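Dear colleague,

Below is the structure I said I would pass on. My notes on its helices follow.

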Amino acid sequence: MRNIMRACHKVYEIKYHMCFVVKYRKDIFLNERYVEHMKKVMLEIEKRYYIAAETIGFDEDHVHILVQAAPRYSPSRVIQIIKSLTAREL
């Protein structure tokens, strides 16, 4: 079933697939501590913004995120929010 969101005078279903690569392609996601910390940061982002991470997939040196966002944020703003907060925390 489709997850259609509602807001004032709008109905939307906006999803973005993002792939973020770690600087110098370091394989930090082999360590479970970084994976769990990344998931916690994404949960904090969901609480602060109208952005919900549906799925998060980890490889050794990059992460794939499927994000559902409100139409108030442009795609570049969604990426800016996620990259700046996760990079600072990691």
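**Notes on the helices**

In helix α1, the buried residues are Val 35, Met 38, Val 41, Met 42 and Ile 45; buried means under 20% relative accessible area, exposed over 50%, and partly exposed in between (1.4 Å probe, protein chains only). Viewed along the axis of α1, these buried residues fall within an arc of 125°, so they line one face of the helix; the arc is that of the directions from the helix axis to the C-beta atoms.

This is a predicted model, in which local features need pLDDT of at least 70, side-chain atom pairs count only at pLDDT 80 or more, and totals for chains, interfaces and linings use all residues. Residues are numbered from 1 along each chain as its sequence is written, and side-chain values use heavy atoms, with hydrogens and water left out.

The buried residues of α1 pack against β4 (51-58), β5 (62-69) and α2 (75-89), where contact means heavy atoms within 4.5 Å. Helices (H or I, at least four residues) and strands (E, at least two) are DSSP runs, numbered from the N terminus. Turned away from the buried side of α1 are the exposed residues Arg 33, Lys 40 and Lys 47.

For α2, the buried set is Val 78, Ile 81, Ile 82, Leu 85 and Thr 86. Down the axis of α2 they fall within an arc of 100°, so they too line one face of the helix. Their cover includes β3 (15-21), α1, β4 and β5. Ser 76, Ala 87 and Arg 88 are exposed on the other side of α2.

Regards
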